[in-house]
Amino acid sequence: MSAGAVGRAHPRLEGPEKVTGTARYAVEYPLDDVTYGWAVPAAAVRGRITRIDPEPALAVPGVLAVLHHGNAPRLSPDVEAELYLLQEPAVHYRGQLVAVVVAESIEAAREGARHVRIEYDTEPHSTVLTADHPGLYRPEKVNPGYPTDTSEGDFDAAFAAAEVRVDATYRTPAYHNNPMEPHATTAQWRDGRLLVHDSNQGSTAVQAALAELFGIPRESVRVISEHVGGGFGSKGYPKAAVVLAALAARQVDRPVRLALTRQQLFGPIGYRTPTIQRVRLGSDADGRIAAICHDAISQTSTITEFAEQTAVYTRSMYAAPHRRTTHRLARLDVPTPFWMRAPGECPGAYALESAMDELASACGIDPIELRVRNEPTVDPDQGHPFSSRNLVACLVKGARRFGWGDRDPRPGSRREGRWLIGTGVAGSSYPARARASAATATALPDGGYLVRINATDIGTGARTALWQVAADALDVPPERVTIRIGDSDLPPAGVAGGSMGTASWSWAVTRACQELRDRLGHHSGSLPPEGLTVAASTADEVRAQRPMARYAYGAQFAEVRVDADTGEVRVSRMVGVFAVGRVVNPTTARSQLIGGMTMGISMALHEEGLLDERYGDWVNHDLATYHITGCADVEQIEAEWVDEEDADLNPTGVKGLGEIGIVGTAAAIANAVRHATGVRVRDLPIRLDKLAGSSPFA
Amino acid sequence: MQNRSGSASVAGDERSSPVAFTVNGTRRELTLDNRTTLLDALREHLDLVGAKKGCDHGQCGSCTVLLEGRRVKSCLILAVTLDDCAITTVEGLAGPDQLSPLQEAFVAQDAFQCGYCTPGQLCSARGVLDEIAEGWPSAVTDDLTGAVRPTDAEIRERMAGNLCRCGAYPHIVAAIRETAGDR
């Protein structure tokens, strides 16, 4: 029955629009009478606004309004504290968006924003996470609903009795998502209805939040997100820009375009929390782990609890009879952390996969062999069977492709001129989940098909993948299928995040197309002019999934060279091999995996939010001072996958691959740097001063 | 395109100036707020939204266009300074009915994901190819006086000012290399 579109490489459908500049993003739709909003950040860390004087701003030619908590339209307080914007004088962190200037031009709005006078009563603040912060507490659960702590067997006794022990603390700094398109919205009200063009990872949730915030029916809100310039988690839930734009448009009764500035993306829209992680591994001399423990500390804000699931990775990755994981949080006067590519798994894997490398060295065992020896047969956490687990296959295939076999494991054993050369490997896993979605499929009288689902393509290739899936489910050539996504008027679907997009959406698309085929089989005569449409939802099927350990796996290999004089680290090449179920479109899949690994290079070597405790804000809050990996930083990255069929996932058999690429990458690089230099860096990023100053290195 | 911004409120006073330049071969006459950047002039006054605003700060390269054939960051240039200049944006790279070889290569190599940095990458790449053809050396050119070859190292170095958070760099380099080879 399959037409064979799934699995075939295909350039992304919107490619021509994206290379000609005709793909329109959130604030790029032509509009009459448009105005411009500019958000104003708080200049206090903790306290209350005692006075706002908008007059100097209103005196700027072209400025129409200054919105603040004293005059903004009222919002429902029951939706989400983060979105309760311009409603209260309280300031919870520096940079909180506390006013919006609306003007006839961008220039006037920007100038006006400089002239809003705000006075504060301030209180002492605490903004720096430490391992002994007095406010550390145990949250009720960690994201997105996991138990906070887990324990099995007797870790302490088993660790004490182990022949080989690793006990190390790893630190990761704050990371900022920085999609290239900032959070941006065009909002317009017409007859009590709200239309927004918004940059987000799921407009169904944005529609729901706006309806509740403004107290209007969902049907009165439409959110269009045709093209989205990246998100990496930061647009996974409605954020400030869309709410501020809707408030401003209501206030001035004209359309408003509002984009956050690049500087405003360092805080108000979330970031990856800093972490402090202690990992302990106890094994026998052959590297068989008896005791494993991962204690993670991270931060949240005073507004909303965000509990990064940092140690959850360790619960299911490697076998050990005695195991424990804990999470503790400090509630600081900082912006609320949020999702960033593989939240939890990414920083957690840096710690555990580094510790595994330390254990391999301590035991004198090859790090791939160490992982093979500690491969579990069932999920060590819940005892459930794995729907499929191909970590070892990834390690083996990757080792062959990378040329791991002839590696001399001694640190500092390879030098070419001024470069010390090393190689490293890490494992990776990420949950393979799906969420309920709905879709419709329509057979048109002209022989074409229309498939509608409110999926979002943030650059993943979702539009193209769903088009391929639909063609196969309809058993027609893909050229006869039109796919429509990115509009809340379409059947509701879940977020483009958590590596759940294609799994969730392709499921609904498949069901709608299958049911349409059934209906057409019973239909006689010609189709009506509007075509024949069927709707499908996967809510029941998704709910009925049996409990199982469903994970994507991967193995990243890195070769680095380190300048023996300066400590400069270059990643000469990387190979990643992944087990991600069925690959719908090899073209876009490869791009996404390479992109994840690239962001992993960035995490390992470049990114670091540096907080100034006095002012409670990141000092480096732009793209010159917060370096993300650039073209000159990337030399050679290959991504491949193993053939994997998994019948316990979803009809298409996909696991999702948005996150798995980044998960183990930073550890692979840190392990390679250790191999090159003998220096183990346990606090990212691996800056040259951490290498050049070390005695083993010299 | 009807757009009240930057015209009704400021026209005719010392805060605005007339300017005339050519964009993608078409002459444009505008009266603009003196503070209007080339990027905002293109996006908000000419409905040429290809050039993107990623940072408005000259740090990301998303707004790259060609000014008199050379790549510039349009967010750092005031539009009223550009009298009689010729500007090419991503909208001007394609022929009337088909993509340019560079654009074709970007699509074929999947040299982008979200597409937001892509117009800047393309304009920058166009500039890079011309700079290499004209023999301009870069920081990684070994022989400063000889011909420059479009090696991966040259392309990576010259494209370093155009950030891509999706991480399409290997494919961007491949697309540019492929296009250079066709010349």
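User: Let's start with Ala44(A): is Ala44(A) buried or exposed?

Analyst: The general idea is to count neighbours: a residue is called buried if 20 or more other C-beta atoms lie within 10 Å of its own. Ala44(A) has 24 other C-beta atoms within 10 Å, so Ala44(A) is buried. Bear in mind that this is a predicted model.

User: Where along the chain is Ala44(A) placed, and which residues does Ala44(A) touch?

Analyst: Ala44(A) is in the loop between β1 and β2 (47–53) of chain A. Leaving aside residues up to four places away in sequence, Ala44(A) touches Val91(A), Arg94(A), Tyr120(A) and Thr122(A).

User: Which strands pair with β5(A), and in what sense?

Analyst: Look for bridges, then check the direction. Strand β1 (residues 35–41) of chain A pairs with β5(A) in the antiparallel sense, over six bridges. In that pairing, Ala39(A) stands opposite Val100(A). Strand β3 (residues 63–68) of chain A is also antiparallel to β5(A), with five bridges. There, Val63(A) has Ala103(A) as its bridge partner.

User: How should I read the contact between chains A and B?

Analyst: The size of an interface is often given as the accessible area lost when the parts come together. Here we can count residues instead: 55 from chain A and 60 from chain B take part in the contact. On the chain A side, α1 (15–20), α3 (106–114) and α14 (586–606) each supply at least two residues. α14(A) gives the most, with eight residues. By class, the side of chain A that touches chain B has 25 nonpolar, 19 polar and eleven charged residues.

User: What do the buried residues of helix α1 of chain B pack against?

Analyst: To place a helix, ask what its buried residues face. Those of α1(B) pack against α3 of chain A together with β2 (26–33) of chain B. Eight of the eight residues of α1 (residues 38–45) of chain B are buried, so the helix is largely enclosed by the rest of the structure. The buried residues include Asp40(B), Arg43(B) and Glu44(B). After α1(B) comes Asp47(B), with a positive phi near 55°.

User: Last one: how is chain B divided into domains?

Analyst: Take the bounds, then the spacing, then the contacts. Chain B has domain 1 (16–92) and domain 2 (101–182). Their C-alpha centres lie 22 Å apart. Across the boundary, 15 residues of domain 1 are in contact with 13 residues of domain 2. On the domain 1 side, β3 (64–67) and β4 (70–73) of chain B each give two or more residues, and β3(B) gives the most, with three.

Terms used
Residues are numbered from 1 along each chain as its sequence is written. Chains are lettered from A and ligands numbered from 1 in the order in which they are written. This is a predicted model: local features need pLDDT of at least 70, side-chain atom pairs count only at pLDDT 80 or more; totals for chains, interfaces and linings use all residues. Two residues are in contact if their C-beta atoms, placed from the backbone, lie within 7 Å. Helices (H or I, at least four residues) and strands (E, at least two) are DSSP runs, numbered from the N terminus. Ala, Val, Leu, Ile, Met, Phe, Trp, Tyr, Cys and Pro count as nonpolar, Asp, Glu, Lys and Arg as charged, and the others, Gly among them, as polar. Two strands pair if DSSP finds at least two bridges between them. A residue is buried if 20 or more other C-beta atoms lie within 10 Å of its own, exposed if 12 or fewer, and partly exposed in between; C-beta atoms are placed from the backbone. Domain bounds come from an automatic or database domain assignment.
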